[in-house]
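This briefing is meant to be read beside the sequence and the three-dimensional view.

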Amino acid sequence: QRGMKPRLTVPALALALAFLAALPSAASANPAAAAAPETLKIDRARSFIDVDVNATVGSFTGRLERYVATLALAPDGKVRTARLEFRFADLRTGDADRDARMLAWLGGGEPAGTYELGVLALAPDGQGQASGRLSFHGQNRRVEFPVLVTRTEETLTVTGETTIDTRQWGLPPLRHRFVVKVDPEVRIRFRLTAPLPPPPEE
């Protein structure tokens, strides 16, 4: 899961992210194309959103343990909309003190963020590019990254990763005890899997 190395711009989800789908299609003259999209529910047991952080001492990975991700399929099977909502308090690194320092670095309180898919263009093999807006810390920035969308008869899975620079979201460089320096560029990796609705009965 650490083989891909695209570029971009913070923590989690930041995380993830987020992350998700196929080219939103406009409604066509076909009335079915204008029908309400079918919302898919992410299966967390088969999904993850991870954030890799490099530091001068003790590099680490955080995992977003809770989030709300929605994918909506158009009648033609393409993803019409995708959205990720998360709280940084749900990004766990395995070290409670480090998690608390991260929240303080983000300004304290209950910092949260969202990712909203704008466009996802896919080739026939499922590889493509996602573009959307990542919002947190009072900043909203465009994020683009490569993705792979795969389907079986029962599931749709979106896999991808990107590197983001936390300074683009107005966060200062992070140091701990004047010794440990944290790289402002962090890598976000994700896999989101959702069960597909059964085909309509004939």
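On a 1 Å grid over the protein atoms alone, a cavity is a set of points where a 1.4 Å probe fits but cannot get out, whereas a pocket is an open set with protein on both sides within 12 Å along at least five of seven lines, and lining residues have an atom within 4 Å of a point. Grid points are joined across faces, edges and corners, and a volume is the space filled by probe spheres set on the points. By these terms, the largest pocket holds about 410 Å³ of space.

The model is a predicted one, in which local features need pLDDT of at least 70 and side-chain atom pairs count only at pLDDT 80 or more, while totals for chains, interfaces and linings use all residues. Residues are numbered from 1 along each chain as its sequence is written, and side-chain values use heavy atoms, with hydrogens and water left out.

**The largest pocket**
- The lining of the largest pocket has 27 residues, of which Val53, Phe60, Arg98, Leu174 and Val182 are the closest to its centre.
- Helices (H or I, at least four residues) and strands (E, at least two) are DSSP runs numbered from the N terminus, and helix 1 gives the most to the lining of the largest pocket, with five residues.
- The lining of the largest pocket divides into 16 nonpolar residues, five polar and six charged, where Ala, Val, Leu, Ile, Met, Phe, Trp, Tyr, Cys and Pro count as nonpolar, Asp, Glu, Lys and Arg as charged, and the others, Gly among them, as polar.

**Overall fold**
- Eleven strands form an open sheet in the order 1-4-5-7-8-9-10-13-2-3-6 with antiparallel pairing, two strands being counted as paired if DSSP finds at least two bridges between them.
- The edge strands are strand 1 (38-41) and strand 6 (91-92), each of which pairs on one side only.

**Interior**
- Of the 202 residues of the protein chain, 46% count as buried, with buried meaning under 20% relative accessible area, exposed over 50%, and partly exposed in between (1.4 Å probe, protein chains only).
- A nonpolar core is a set of buried Ala, Val, Leu, Ile, Met, Phe, Trp, Tyr and Cys residues joined through side-chain atoms within 4.5 Å, and the largest has 45 residues, with Ile49, Tyr67, Tyr115, Leu134 and Leu156 making the most contacts inside it.
- Strand 13 (residues 185-195) supplies the largest share of this core, namely five residues.

**Strand 2 and its neighbours**
- Strand 2 is largely enclosed by the rest of the structure, because six of its six residues are buried.
- Phe48, Asp50 and Asp52 point one way from strand 2, while Ile49, Val51 and Val53 point the other way.
- Strand 2 pairs with strand 13 in the antiparallel sense over five bridges, and phenylalanine 48 stands opposite arginine 191 in strand 13.
- Four bridges join strand 2 to strand 3, again antiparallel, with valine 51 opposite glycine 62 in strand 3.
- The hairpin of strand 2 and strand 3 has six residues between the strands, and there glycine 58 takes a positive phi near 75°.

**Strands 8 and 9**
- Strand 8 and strand 9 run antiparallel and are joined by 10 bridges, and alanine 130 stands opposite phenylalanine 145 in strand 9.
- Histidine 137, in the loop between strand 8 (127-136) and strand 9 (139-151), has a positive phi of about 55° although it is not a glycine.
- Histidine 137 counts as partly exposed because its relative accessibility is 34%.
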